[in-house]
Amino acid sequence: MTVNHLPYIAHVRKSGGNPQSLEEHLLGVAEITRRLASKIGLSSQGELIGLLHDLGKYSDEFQVYLKSATGLINQDEDEFVDARGLKGKIDHSSAGAQVIWDALAKQGGVSPIAGQMLSLCIASHHSGLIDCLSSDTNNPVVDNFTRRIRKSDSKTHVQEVLTKIDASISKRFRELIDDPSLIDGLKESIRHVMLRDNTPGVDPSQNQIIQFKLGLLVRLLFSCLIDADRTNTADFENPRAAKRRLNGQYCDWGVLSDRLESKLKSLSSEAPIDHIRRQISDHCFDKAFQAKGIYTLTVPTGGGKTLASLRFALHHAKKWEMERIVYIVPFTTIIDQNAEVVRAILELSEEDSGRIVLEHHSNLTPEEQGWREKILTENWDAPVIYTTSVQLLEALFGAGTRGARRMHQLANAVLVFDEIQTIPVNCVHLFNNAINFLVEHCGSTVVLCTATQPLLNQVDENKGALRFESVNEIMPDVKRLFNDLRRVEVINQRKSGGWSHQEIADLAIEEVAKSGSCLVIVNTKKSAKAIFQICQRQTGAPVYHLSTNMCPAHRKKSLAQIRALLTSPGSPVICISTQLIEAGVDIDFGAVIRCSAGLDSVAQASGRCNRHKRRVEIGRVHVVNPTDESLDMLTDIRCGRDVTDRLLDEAAAGEWKFDGDLLGPQAMERYFNYYFFARREEMAYPVSAKAIGREDTLLNLLSVNSIARGEFTRSYGTHPNIYLKQSFMSAAKAFKAIDAPTRGIIVPYGPEGRDLIGELCAAFEVEKQVELLRRVQQYTVNVFPHDLKRLQEQQAIHTIQEGVNILYLHTSYYSDAFGLGLTPDEPMEVLCV
């Protein structure tokens with residue numbers, strides 16, 4: 001086959017048809033991957049995988065396909081092929097993996113391990129990390145890595161591409177592969193992992209935590225490659241947007257910390273609680289200059305953790321020259337309030353706007369991505385990130401390349417977890433091992449913020465416990481702090497037969513008469529809507545509804561109206577909310593009613609009552625057991641409720657005193673002891689035979705993979721001849737940070753929401769789309785798969801453009817009272833035509 005006279009190309013610009021040479025792309029990706037991997041001391045390893053990742057594109061088969069698909073070969077020419085049927089079928093990712101494996105596998109020592117690690121990254125860069133040993137429901141276990149690396153030359157074209165590779169690529173490859181530091185760097189990283197987690201008498205290849213961390217090391221290198229590849233492709237597609245990319249060049253930490261210090265000096269310190277908050281902030285400042293590591297910040301709700309933890313993070317990042325600060329909040333939390341507070345402090349000019357604080361709520365792009373969705377995927381290129389625990393867990397363990405692209409941004413970073421107790425219980429060991437890896441091997445610091453520390457350092461250390469000591473607590477006297485900030489009493493109102501929605505509404509209206517305001521927190525959206533409607537019918541007081549069916553801009557507006565009423569003398573108000581209001585919301589009600597849940601949730605609810613300690617009377621927090629809430633599908637809430645019921649019963653019987661404080665450290669420690677003991681078998685993330693063909697755990701699949709290894713040995717009479725045996729892809733596909741993965745839908749809330757949808761539909765330039773997608777984070781609602789399907793069946797959602805799988809909602813499915821609904825309220829209006 002004779003190929004068109006054009007040079008070897010990697011991409012063709014969608015607008016204008018200009019080609020990017022393969023040489024330019026490989027050198028560009030190599031340079032970026034080198035820079036990104038340097039933060040973990042693996043710059044040459046990163047450069048090598050970037051240099052060879054698309055090596056297979058030198059083949060005639062791929063070049064003819066790409067040039068035919070993009071019009072560079074005319075359909076009348078003999079070489080032309082019908083590219084539509086070939087999309088995704090021409091292998092261009094195996095050749096580079098084979099070249100590295102062939103160069104390293106025959107050497108001794110750790111060279112074969114290094115070869116497998118680097119080859120995995122290249123072979124997987126379009127699919128997500130592949131299985132080393134396969135795990136699926138229909139086939140026996142096979143050595144999938146060896147099968148891939150031995151793929152026939154007729155499919156990978158490795159011998160052909162080696163004769164056609166550009167001289168600059170060939171020369172740099174030889175320099176890298178012959179440099180002893182290539183192996184020495186990975187050897188040192190592997191040695192560090194093995195030394196830190198070595199168990200006497202256990203072979204490192206059988207050590208669950210060592211193998212888990214080596215898998216994370218592979219994923220981090222993979223993350224560097226994915227981000228470099230997507231970034232280089234996006235910058236070629238849109239050079240103007242590339243000029244505005246930050247690429248890690250951020251505002252100096254000293255400037256940002258000075259801005260915060262100026263703000264803190266301006267804050268009022270008249271009330272006693274202001275003095276306590278100032279002390280908390282000062283302790284965070286003092287601790288910021290200590291070594292990197294894992295810290296706990298145990299402060300009662302309303303203690304000012306937002307600015308105090310930011311003070312620690314900014315000064316710590318400055319002291320140790322760290323790359324970014326990442327705030328991680330619960331999935332159900334209102335993320336935007338804290339982000340807005342911090343943005344107002346750190347972004348002081350128009351030039352700063354959008355370049356310091358980045359909010360990332362939702363996955364607007366699908367998991368299965370086309371070229372444009374890959375370019376539009378958020379990669380956390382900002383100095384201060386606000387995101388959710390779902391996004392963090394997807395970066396660490398999720399399928400495909402969308403989440404994995406962000407993982408490297410967690411290295412050499414300050415990670416601040418707000419309400420750490422909300423980490424899903426089935427992710428505990430995965431999470432603990434990942435955090436230990438990021439701290440001990442990637443130079444990061446972690447701060448665990450909460451009023452209710454969940455004892456993550458006291459779970460089974462053989463499966464993964466966080467490594468920190470009590471001296472890592474930032475507050476010097478937690479018990480005294482809880483006594484000083486005590487502002488409420490918990491009233492156990494549970495009763496035989498439970499509380500109906502009507503009775504809960506009656507109690508709320510009664511409390512408004514006594515306290516002036518009442519917040520009701522329920523466990524389901526159905527209950528929130530029902531109680532809201534009853535209160536609306538029975539009282540003249542303003543009644544508000546909050547749930548995750550409302551987009552951030554909608555919730556923000558409602559909260560502003562509620563706050564205005566709360567601070568206006570004689571203005572009663574009732575708010576009915578799901579648990580999203582329990583963290584990250586600075587709001588102060590006279591009384592709170594909490595439907596039965598975990599004691600940690602009751603504590604968080606209490607933080608919205610008498611928050612600023614301005615009321616003469618102590619605040620009342622009623623715990624009620626509703627009859628009309630079904631928690632069958634809400635396992636975490638149901639288990640937490642059951643443990644709390646046990647604790648409340650024991651306290652009522654006089655078995656525990658808890659220093660007279662049901663929300664204090666003693667009660668919370670007892671609660672988590674009960675809770676974790678009851679759920680200890682769930683913490684390694686069990687998966688069913690339906691998901692992967694056998695009963696297993698993700699912890700096992702991502703480490704020693706003992707069950708798959710045993711099946712392989714029984715089938716073939718020998719052990720698999722590879723060091724890393726993880727089923728990366730099978731585990732990632734089985735992983736869900738929450739019970740079902742959500743998809744972000746852009747909603748037409750208010751004039752701005754409608755205008756943004758219209759602009760997105762009309763924006764065909766990638767540069768404009770990237771800008772708009774950041775703005776529409778405020779106008780998105782995360783939808784579960786079954787609800788998404790129902791909306792699709794009703795034709796209630798559409799893509800913004802043909803070929804761009806980003807979704808928006810019809811106006812008739814969004815209401816001012818409840819947000820997104822599954823039935824229309826008005827005739828449908830299409831915003832894009």
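This is a predicted model: local features need pLDDT of at least 70, side-chain atom pairs count only at pLDDT 80 or more; totals for chains, interfaces and linings use all residues.
A disulfide needs the two sulfur atoms within 2.5 Å. By this rule the count comes to zero disulfides. Cys 595 is buried, at 1% relative accessible area. Cys 251 is partly exposed, with a value of 25%.

| Residue | Relative accessible area | Class |
|---|---|---|
| Cys 595 | 1% | buried |
| Asp 229 | 6% | buried |
| Glu 650 | 10% | buried |
| Cys 251 | 25% | partly exposed |

Which residues surround Asp 229, apart from its neighbours within four places in sequence? Its contacts are His 25, Val 29, His 53 and His 125. Asp 229 lies in helix α11, which spans residues 208-237. Because its relative accessibility is 6%, Asp 229 counts as buried.

Glu 650 belongs to helix α25, residues 635-652. It is buried too, at 10% relative accessible area. Beyond four places in sequence, Glu 650 touches Glu 655, Trp 656 and Tyr 674.

**Nonpolar cores**

Nonpolar side chains tend to be buried together in soluble globular proteins. The largest nonpolar core here holds 189 residues. Within it, Phe 397, Phe 417 and Leu 809 touch the most other members. Helix α11 gives this core its largest share, 13 residues. A second core is separate and has 41 residues, including Cys 284, Leu 310, Met 322 and Met 475.

What does Phe 397 contact, leaving aside its neighbours within four places in sequence? The list has Phe 212, Leu 216, Arg 219, Leu 430, Phe 431, Ala 434, Leu 702, Ala 732 and Phe 735.

Strand β11 covers residues 543-546, and both of its faces are covered. Val 543 and His 545 are buried on one side. Tyr 544 and Leu 546 are buried on the other. Strand β12, residues 573-577, runs parallel to β11, and four bridges join the two. Leu 546 stands opposite Ser 577 of β12.

**Helix α29**

Helix α29 runs over residues 706-716. Its buried residues include Ala 708, Arg 709 and Phe 712. They sit on the same side of α29, because they cover an arc of only 100° around the axis. An α-helix has 3.6 residues a turn, so residues three or four places apart point the same way. Just after α29 comes Gly 717, with a positive phi of about 70°.

How do strands β19 and β20 run, parallel or antiparallel? They run antiparallel, joined by four bridges. β19 spans residues 797-801 and β20 spans residues 804-809. His 798 has Tyr 808 in β20 as its bridge partner. The hairpin has two residues between the strands. There, Gly 803 takes a positive phi near 85°.

Technical notes. Residues are numbered from 1 along each chain as its sequence is written. Side-chain values use heavy atoms; hydrogens and water are left out. Buried means under 20% relative accessible area, exposed over 50%, partly exposed in between (1.4 Å probe, protein chains only). Contact means heavy atoms within 4.5 Å. A nonpolar core is a set of buried Ala, Val, Leu, Ile, Met, Phe, Trp, Tyr and Cys residues joined through side-chain atoms within 4.5 Å. Two strands pair if DSSP finds at least two bridges between them. The arc is that of the directions from the helix axis to the C-beta atoms.
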